[in-house]
Amino acid sequence: MEINEQNLEALSTYLRKTLSADGNERSEAEKTLKQIERNENYSALLLTLCDQQTAPNEIRRAAVITFKNFIKRNWPSLDESNSISIRDRTHIKEHIIDLMTRSPEHIQEQLSEAITVIGKCDFPDQWSTLLDTMVKQFQQQSSSSFQSINGVLKTAHSLFQRYRYEQKSDELWLEIKLVLEKFAPAFTELFKSLMSYYPQKESDPVEMKNIFNSLLVIIKIFYDLNAQELPEHFEDNITIYMTHFLTLLTYDHPTLHSKNNDPGVLDEVKTEICRSVALYADNYSDEFKPYAQQFALSIWSLLTRLNLSPSYDELIGTAMKFLSTLAARSHHCSMFEGGDTLKTVCEQVILPNLFLRELDIEEFEDNPEEYIRKDIEKSDSATRRRAACDFLQALCIFFESQVVQICSRYIDTMQSEYLQNPTKNWLKKDTCIFLVLALASKGETQKFGITKTSSFISIPAFYAASILSELQNQDINSLPLIKADCLKFLIDVRNQIDRDALLISIPQCVRYLSSNNIVVQTYAAHAIERLLLVRQAADQKQTAITKTDLIPHAQTMYDHFFRILTSEKSYENEYVMRAVMRLSSALQDGLLPYLNLLIEKLVMILRRSSKNPNKPNFNHYLFETITVLIRTSVSQNPNVLEQFEQILFPVFTPIFTDDIAEFVPYVLQIIGFLLESHSSTIPETYRALFQSILTPSFWDRSGNIPALTRLLQAYIEKAGETIVLEKLTTVLGIFQRLVSQSKVHDHEGFAILNSLVIHLPVGCLNNYFKDIFIVIFTRLTKAKTQKLIRCIIVFFSYFIIKYGAQELINQVDTIQNNMFQMVIERLFIPELTKVDENEKKICAIAIVHLLCDPQSMTNGNYCNSLWISLLQALLRLFESSSQLQTMTAAERKKEAQEQAEEELLVGLDDTPDYTPAFSRLAFAKKSSTDMFGSSIPDPRYHLAKCLHTLTTTQPNQFLSMMSNGLSPEHLSHIQQYCSLANVTLM
């Protein structure tokens, strides 16, 4: 395509049609553009249109957006079929910076995005002129052309900001070094010129805003270039930057502030300065030390001048983070010593920012979900209150006793004022509770709450005197925010109060489930759920609150939980559903009297949620609760299995037919769990479902595959000799697809194959062995990964156990002569210790048989080359595992059950975007099976016995090989195993 008027006009026409209200016309135009974008000069034509000042604005805007999207789609790709030729790429890079600086702001923004995409791919190796072009733009521009300067600066920041988080490497530092050499000198000169220029323009509001927009991006770039380590250029110019930063921190101009709740550009500049000097205070403390005192005073003074407007929130948070950095460092903390400094800091900086503001109270009342998210889920990291708390805790590192003494006076005063007039002074009670938590907490996790406390504050005493008494107030609807605070306090300190206090607290939490306030209801449910996880101090495997403690309250709790879950305002409350799950688990067989009520309510909720499954955590806990009911009741009475199937299958069927992607993986897991629970012939309904799960389209969705695999394994175990054998070719096709086509799900393919080996009668797979091994070795050749190697080792181990070691050798060597030696040398010997812990026993026993059974290993061509090396690998496997020891099947099952419950201690992380990815149901976790159980309780004994047999038949050969080939340490281990097994080697 030539760049001429005719082609520009044609392109303009298509672009105009993409803006058409007529969907067909718009679609046709987009399709045409997609077809012609492969032509050379297509991108150049778009840029020409962007630059045409005579073209209508909407055409220029459409052209630049089309160009940006074209770059995003095609530039990163280096395929031969790529739409952008080398010539076009060169043309774009030669002209785009100049065009951006000359364009209006709406064009400039889009071009800057395109430059960022190109830069991330090509800079610096394939775009060596970029920095020179940028610097040239700085030097060419008149001081008033800030729009073009801003374009270059924003582009530079978009390219350099990855230096903030990128892992250190030689390659990265070479790039930064290049940037510093070419860009930093001109960058510093630009900063100096802007700092000398803005005082001349204070009477021009528009120009002032442009200047400060440039200064804002300059300070961001300053952080980018200093994030990895302190460059020599900035160390040499540290006085210039720090002096100007101090000037800007104290500067004020009315036109640079925001008129709404968003920060003004001057506030943003000060925020970025605080961020940059915090970086210096933290990472380059020696170089920063001469300036630390000045900045501390300046930022401290700044904090005392800012009001409660949300527009200052980020600035205040960042400023206090800087002060926290100084307070937490031994070489800076001295500035907080002496006189009334600490008292003044607490009074003027920390306390004012701990109080809730009107907008926080409005959020509590009008947007409870957001309030809960910030408070319980600790997503309040950017708030004033959290920043003040962090600053307070930083001061406590070196001045704990003084800070606690100062704050205790405020705590006592606020408590007293609250008690005198709760209605008027309840905000002081709220601040008091938060302040106590901030001072008392020396360590905290989501799993356990506060784990370490200050020796200067007694949590149990404060709880008894100031929290429990509040919770025992008969009016559950008075002062709801204080009630929520008290419940939150209980949640945080649950592991710091004794069992008696917990038992007194449970009925109070139950009362607050009836509150009219959603936050209070939620906190009460969350408190109950967290309290049920507290462990006994004397025995960490036992919960502090027992089944017996819960039974008197169970009916009331369930009634309140389901009242909330069926209410209009909070019917998908994840904290309440998690509390239902936890209570059902904690009650154990005590939930059986409520079984019918529970399953009825849960099925109703499931039907409702399946219409719009938009709360991922809620959905997960719903299915976990159903699983708890199945697991608990079936363990007590296997006959209820049929009842669950009759109730659940009619609910599950529409989930399949309507393809509710969010729920299908959960349903598949529960069906697999139900099927595994059958001990005799499986019902006919499972036969009908089996054909459905073999449908290829079912396996297309990644989120389905783990659950489908588990269900297919259940079929193989329970109906392997009947319905699975009938479809064996199809099942093996699924194995082949997973192993050949997916690095993500190849282990699922091996899980299916292992189940076939374990459960199908000997002989059923004989005709397929060759194809199976070809699939495995083809994939190994094409895409070898650590995970794949582990899967192959485990599969070969199952194969040895089922079909014998000699058969494995024969199958491998059939593919290629002496290939078995390569398998042992390249897979088994280097990688054996890396198999998963729960697979080590089966691998160890298989290796024992590989060493002692086949003729080709004990007397044949592989004996001299492999035997001693393989034995050494086996001994290393024993050394690497703490699990290869005697454990009964019942003990293993109990351990697996405890681990399943442990997985839910923390709960699930909330994800910002719900995707139908797979989430494993912890309470439906498949217990690991031990093929040998008590027959071979310890593979080390098994090795000793098999070596005893082997050396009895051939004493000289193997004793000599071990004596000469093993280290003294390994010989000692073998002697130890023999002693434990009560055998001797002849």
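On helix H45, the face turned away from the buried side carries the exposed residues Asn956 and Asn964. Here "exposed" means over 50% relative accessible area, "buried" means under 20%, and "partly exposed" is in between, using a 1.4 Å probe and protein chains only. Helices such as this one are DSSP runs (H or I, at least four residues), numbered from the N terminus.

Before we go on, a word about the model. It is predicted, so local features need pLDDT of at least 70 and side-chain atom pairs count only at pLDDT 80 or more, while totals for chains, interfaces and linings use all residues. Residues are numbered from 1 along each chain as its sequence is written, and side-chain values use heavy atoms, with hydrogens and water left out.

Back to H45, which spans residues 955-965 and has Phe958, Met961 and Met962 as its buried residues. Looking down the axis of H45, you would find these buried residues within an arc of 95 degrees, so they line one face of the helix. The arc is that of the directions from the helix axis to the C-beta atoms. What covers the buried residues of H45? The cover includes helix H41 (855-858), helix H42 (863-880), helix H44 (939-953) and helix H46 (968-981).

Now let us visit another helix, H13. Helix H13 covers residues 238-250, and its 13 residues reach 19 Å from the first C-alpha to the last, close to the 18 Å expected at 1.5 Å a residue. That expected span is 1.5 Å times one less than the number of residues. Buried in H13 are Ile238, Tyr241, Met242, Phe245, Leu246, Leu248 and Leu249. Seen down the axis, the buried residues of H13 fall within an arc of 165 degrees, so they line one face of the helix. They pack against helix H10 (184-197), helix H11 (205-226), helix H12 (232-236), helix H14 (265-283) and H15.

The next stop is a loop. Ser311 is found between helix H15 (285-305) and helix H16 (313-327). Is Ser311 buried or exposed? With a relative accessibility of 7%, Ser311 counts as buried. If we set aside the neighbours within four places in sequence, Ser311 is in contact with Asn260, Asn261, Asp262 and Pro263, where contact means heavy atoms within 4.5 Å. The side chain of Ser311 also makes a polar contact of 2.8 Å with the side chain of Ser309. A polar contact is a pair of N or O atoms within 3.5 Å; within protein, one must be able to donate a hydrogen and the other to accept it, and residues adjacent in sequence count only if both atoms are side-chain atoms. For a sense of distance, the C-alpha atoms of Ser311 and Leu980 are separated by 73 Å, and these residues are 669 apart along the chain.

Other loops have backbone details to look for. The peptide bond from Phe123 to Pro124 is cis, with omega near 0 degrees, and Pro124 lies in the loop between helix H6 (105-122) and helix H7 (130-140). Leu479 has a phi near 45 degrees, a positive value in a residue other than glycine. Leu479 sits in the loop between helix H22 (459-471) and helix H23 (480-493) and is partly exposed, at 21% relative accessible area. Gln588, in the loop between helix H27 (574-587) and helix H28 (595-609), has a positive phi near 55 degrees.

Finally, let us turn to charged side chains. Side chains of opposite charge can pair when their charged atoms come close. How many salt bridges does a search of the whole structure find? The search finds 46, a salt bridge being a side-chain nitrogen of Lys or Arg within 4 Å of a carboxyl oxygen of Asp or Glu. One joins Glu369 and Lys615, with the closest N and O atoms 3.4 Å apart. Glu369 lies in helix H19 (residues 368-375) and Lys615 in the loop between H28 and helix H29 (616-636), so the pair ties together parts that are 246 residues apart in sequence. Glu369 counts as exposed at 53% relative accessibility, whereas Lys615 is partly exposed at 24%.

Another salt bridge links the side chains of Glu831 and Lys834 (3.2 Å, N to O). In this pair, Glu831 is buried at 8% relative accessibility, and Lys834 is partly exposed at 40%. Elsewhere, salt bridges that share partners join Asp313, Arg357, Asp360 and Arg384 into one network.

How values were computed. Helices (H or I, at least four residues) and strands (E, at least two) are DSSP runs, numbered from the N terminus.
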